[in-house]
Amino acid sequence: MVKLDEIQKRLIEEIADLHNVPDGAYNFRANGELAGRNTTANIDIVSKTDKSGIDIHIKPGTKKESVHIPVVISETGLKETVYNDFYVGKDSDVVIVAGCGIDNCGVQDSEHDGVHRFFIEEGAKVRYVEKHYGSGDGKGQRILNPVTEVYMEENSSMEMEMEQIKGVDSTERITKAELKAGCRLVVKERLMTHGSQHAVSTYDVNLNGDDSSADVVSRSVARDESKQVFNARITGNSKCSGHTECDSIIMDHGTILAIPSLDAKNVDAMLVHEAAIGKIAGDQIMKLMTLGLDEKEAEEQIISGFLR
Amino acid sequence: MLELKNISFSVEADGQKKDIIKNLDMKADDGKFIAITGPNGSGKSTLAKLIMGIEKPSSGRIIFDGEDITDLDITERARKGISFAFQQPIKFKGIRVKDLLRIAAGKRLSTSEACSYLSEVGLCARDYVEREINSSLSGGELKRIEIATLLARQTKLSLFDEPEAGIDLWSFQNLIRIFEKMRNEIKDSTIIIISHQERILRIADEVLLLSDGRITEKGKADEIMNVLGGIDCEPGSLCSKLQ
């Protein structure tokens, strides 16, 4: 049975849209300890013995099942590194929901560094959703440094939705992917920073097999004094197609450095990058004002649409 | 009722003052459908923007329902009951048609309510409510969605700036139908349309001819068309036909 306090329940709602214990497999981690686990006939979750973390085994052919692995931290000063490995069996079709919420009311920094590795077998389809959220008015920083590695066997596909909208002071995200023939990777990143937050997001995608493709799209908003760096690199080692896009809004004194890079090592590689950074268009605000919103409300609507 | 009293508007261009609107007086009573026409550059769009508060007059007063709104900003005027359909609808990233209709209505809308506004403007609603208001929509679709937002707002005064501009013929037939319907259903509200199109002018109770920043004629469509000869105007518009 999962026992979570009110703060932890609120964090879980924020990061996983969960109001209750979910159906299917799950592993709840709260303040560095296991708070609940459920396995199914097709999905097994085993704690690692050599270090902190879990192995998730999804049997070949598993269809329409989900795995939730939320992490919540409400203790100030807690720092942890967790290693989670996902083994996704051949021809399975699953949804994996991860996410980390930190509530830090204290003065010491709280930090969660999650290292996720995905080993996706032939023909498997994965949808991966990850949300990060921070709250608490303490002076202690809320730090999240996720590392995601994706290894894809032939004709598999992975869709990643990664969202960090609020409250995380510092984040350094590294995502690496290796794709074999016929694989498809789609990444949708949503990021908003405010205050004096700092966020770095780095992608290193290698299209190794023929007819592999990747689409890495980031939309971000930098407000107040916050700083962001988006560094996406797609390497084409085969007959492949890759697209990376960084579309950003800057406000107040926010700054964004976008470094999209393409490395074509095969004459049949087709790679495209796009990057656009700018403030909210004045005529968009004006239009919403003619519908009765004030300037601040108009900005909020534009941003929430942009990050949807 | 809307009343413009002695409104002037000028801009600085190349160090020179240029008068766009000159000592203009105008009245639009409740329940009236008024069309404003005139050659390009005569100040029609500026006039609409002055009423919405997007531009502020250099001098003169704007009275709406007995209240002086000259110093109110766009939001305040919108909340008093003025709405404005842009000549070139604004595009957004991520904002969907149903989001814009919800903002316009000022309340939560069910999907079927949102759909009813889209059906009014001849769009197959289910296909559109979830669409983003971006470049994937055609000019005609954007225009009709723009009109749907005004239907959702249901304000006392609705301003349309060249609703026919940039739409195809098929959409145009629909547009006429929409305005005919609005004309028939108009009660205490007022509609002001800036247009070059004869068929729209013919629906109006009164047509105002704006020329060089002044209203030079007013009357029924036929009367105005009789005096339109000799005015420079764009090809295809009604005044060019009369030349």
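**Helix H6 of chain B and its neighbours**

B:Tyr117, B:Leu118 and B:Glu120 in H4(B) meet B:Ala148, B:Leu151 and B:Ala152 in H6(B). This is a predicted model.

Biologist: Happy to start there! How many of the residues in the contact of H4(B) with H6(B) are nonpolar?

Modeller: Among the residues that meet are B:Tyr117 and B:Leu118 from H4(B), and B:Leu151 from H6(B). The contact has no polar residue and one charged residue, and its nonpolar residues number five.

Biologist: Nice. Now for the other partner: which residue class is counted eight times in the contact of H3(B) with H6(B)?

Modeller: These helices pack at an angle of about 35°, with axes 7 Å apart, and H3(B) passes H6(B) in a right-handed crossing. One residue of the contact is polar and one is charged, and the class counted eight times is nonpolar.

Biologist: And which element gives the largest share of the side of chain B that touches chain A?

Modeller: Chain B puts 20 residues into the contact, and chain A puts in 16 residues. Helix H2 (74-80), strand E6 (82-85), helix H3 (97-105) and helix H6 (139-153) of chain B each give two or more residues. The largest share, four residues, comes from H2(B).

Terms used: Residues are numbered from 1 along each chain as its sequence is written. Chains are lettered from A and ligands numbered from 1 in the order in which they are written. This is a predicted model: local features need pLDDT of at least 70, side-chain atom pairs count only at pLDDT 80 or more; totals for chains, interfaces and linings use all residues. Two residues are in contact if their C-beta atoms, placed from the backbone, lie within 7 Å. Axes are lines fitted to C-alpha atoms, for helices over the stretch in contact, and angles run from 0 to 180 degrees between N-to-C directions. A crossing is left-handed if the near helix is turned anticlockwise from the far one by less than a right angle, and right-handed if clockwise. Ala, Val, Leu, Ile, Met, Phe, Trp, Tyr, Cys and Pro count as nonpolar, Asp, Glu, Lys and Arg as charged, and the others, Gly among them, as polar.
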